[in-house]
Amino acid sequence: MTLNVIVSLNKLVAAEPILQTLQQMAPDTSNYMVAGFGVIFGAMLIYLISLIVRQRKLRQDLEMLQELDSQLKSPLNSASQAEKR
Amino acid sequence: MDDKPRMLKTLDMITILLFVAATGMVFLYAPVEAVMGQVQRVFYFHVASAWVGMLGFLVAAVAGIGYLRTGKRSWDNISLASVEISVVFLVIAIITGSIWARPIWNTWWTWDPRLTTTTIMVLIYAAYLMLRSGIDDPDRRARFGAVYAIIGFISVPLTFLSIRIFRTIHPVVIGSGDPGAAGSFDMTGRMLHTFFFSLIVFSIIFVDLLWHRARLGDLADKVEQLKLKLVE
């Protein structure tokens, strides 16, 4: 049991330089990482902006329609419509 | 439209803070993967985006059932909001997957079962958005949307299970995958923490965006009803 633990520890110690070498040998993929995060942040930002723009446009439409509705409901307008009839 | 509810404002703040924390974990806490190098960091948000995409389609199907049962337009707004957000996140997942694949698989794209089923799923829901916009009658549109969201959901488990059923080169994150998968790796403790934290944060982002988009739907309904009233 103790011997097994010692063997495992020795293996780990021996693996350390191998891991370091592997990390040094790993290809430089930083450009792809930057591109990936650019897509993630960019797409999320564009979607957020689209939500804000759509909300503003709908608010403007609602205000305009409410104004039009109140104009149509106003007594002066009702009287003119009655005259027409 | 009424001002933003206090709870939504709080959720916005929490979401921003959590997203910053998740980004910090991806870059500062998670170690560099020995074989793939820096590009492996994309994996955390790539999987989280795909998760949000599938979660959204589930919510859309449930909201569709809710609309068919109650006839309340708010369910339809939730369903539409879920689909729209999911399509955005799945497009992110597909593009980031393609960027990851270039150095790992040595190709931008391959017609692998996972990639193919995901593309079909996105196209199904993109068609949902396009077809909806072509229907003028609000009730018919909502009914169509509900039925479509329920039937369209069949594509979600098929996509999820594709890498577990078919021969594939796409790595399986949870559970065992195809031995021929390229780009698989064993996650260390820190990688696992970052991965699950990203999943939780993206789920919260989904809830926050869903709330905003559903409110936008309610506003659009108000405008549409007022327009119809004025035309009459």
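Predicted model: local features only at pLDDT ≥ 70, side-chain atom pairs only at ≥ 80, totals over all residues.
**Exercise 1. Find which helices of chain B supply at least two residues of the side that touches chain A.**

Step 1. Count the residues on each side. Chain B gives 30 residues to the contact and chain A gives 27 residues.

Step 2. Assign the chain B side to helices. Helix H2 (42–70), helix H3 (73–105) and helix H7 (189–231) of chain B each supply at least two residues. H7(B) gives the largest share, 10 residues.

Step 3. Sort by residue type. The side of chain B that touches chain A holds 21 nonpolar, four polar and five charged residues.

**Exercise 2. Decide how helix H2 (residues 30–73) of chain A and H7(B) are oriented to each other.**

Step 1. Take the geometry. The axes of H2(A) and H7(B) lie 9 Å apart, and the helices pack at an angle of about 30 degrees.

Step 2. Apply the cut-off. Angles under 35 degrees count as roughly parallel, so H2(A) and H7(B) are roughly parallel to each other.

Step 3. H2(A) passes H7(B) in a left-handed crossing.

Step 4. Find the residues. H2(A) contributes, among others, A:Leu51, A:Leu58, A:Leu62 and A:Leu65, while the residues from H7(B) include B:Leu216, B:Leu219, B:Val223 and B:Leu226. The residues of this contact divide into 11 nonpolar, two polar and six charged.

**Exercise 3. Classify the packing of H3(B) and H7(B), and then describe the crossing of H3(B) with H4(B).**

Step 1. Start with H3(B) and H7(B). They pack at an angle of about 130 degrees, with their axes 8 Å apart. H3(B) and H7(B) are therefore oblique to each other. Their crossing is right-handed.

Step 2. List residues of this contact. Those from H3(B) include B:Ile78, B:Leu80 and B:Ile85, and those from H7(B) include B:Phe206, B:Leu209 and B:Leu210. The contact is made up of eight nonpolar, three polar and five charged residues.

Step 3. Turn to H3(B) and H4(B). Their axes come within 10 Å and cross at roughly 145 degrees. H3(B) passes H4(B) in a left-handed crossing.

Step 4. List residues here too. Among them are B:Val83, B:Val87 and B:Leu90 of H3(B), with B:Val122, B:Tyr125 and B:Leu129 of H4(B). This contact divides into 11 nonpolar, three polar and two charged residues.

**Exercise 4. Work out why the buried residues of helix H6 (residues 155–165) of chain B are on the same side of the helix.**

Step 1. Name the residues. B:Val156, B:Thr159 and B:Ile163 are the buried residues of H6(B).

Step 2. Check their directions. These residues cover an arc of only 75 degrees around the axis, which puts them on the same side of H6(B).

Step 3. Recall the general rule. An α-helix has 3.6 residues a turn, so residues three or four places apart point the same way.

Step 4. Compare the two faces. Turned away from the buried side are the exposed residues B:Pro157 and B:Ile165. The cover over the buried residues of H6(B) includes H2 and helix H4 (113–133) of chain B.

**Exercise 5. Classify B:Trp51 and B:Asn106 as buried, partly exposed or exposed.**

Step 1. Locate B:Trp51. This residue is in helix H2 of chain B.

Step 2. Use its neighbour count. B:Trp51 has 19 other C-beta atoms within 10 Å and is partly exposed; a buried residue needs 20 or more.

Step 3. Find its partners. Not counting residues up to four places away in sequence, B:Trp51 touches B:Leu199 and B:Phe202. B:Trp51 and B:Phe202 are 151 residues apart in sequence, yet 8.3 Å apart in space, C-alpha to C-alpha.

Step 4. Locate B:Asn106. This residue is in the loop between H3 and H4 of chain B. B:Asn106 counts as exposed, with 9 C-beta neighbours inside 10 Å.

Step 5. Note its backbone. B:Asn106 has a positive phi of about 65 degrees although it is not a glycine.

Methods
Residues numbered from 1 in each chain as written. Chains lettered and ligands numbered in written order. Contact = placed C-beta atoms within 7 Å. Helix = DSSP H or I, 4+ residues; strand = E, 2+ residues; numbered from the N terminus. Nonpolar A, V, L, I, M, F, W, Y, C, P; charged D, E, K, R; others polar. Axes fitted to C-alpha atoms, helices over the stretch in contact; angles between N-to-C directions. Parallel < 35°, antiparallel > 145°, perpendicular 65-115°, else oblique. Left-handed = near helix turned anticlockwise from the far one by under 90°. Buried ≥ 20, exposed ≤ 12 C-beta atoms within 10 Å, placed from the backbone. Arc of directions from axis to C-beta.
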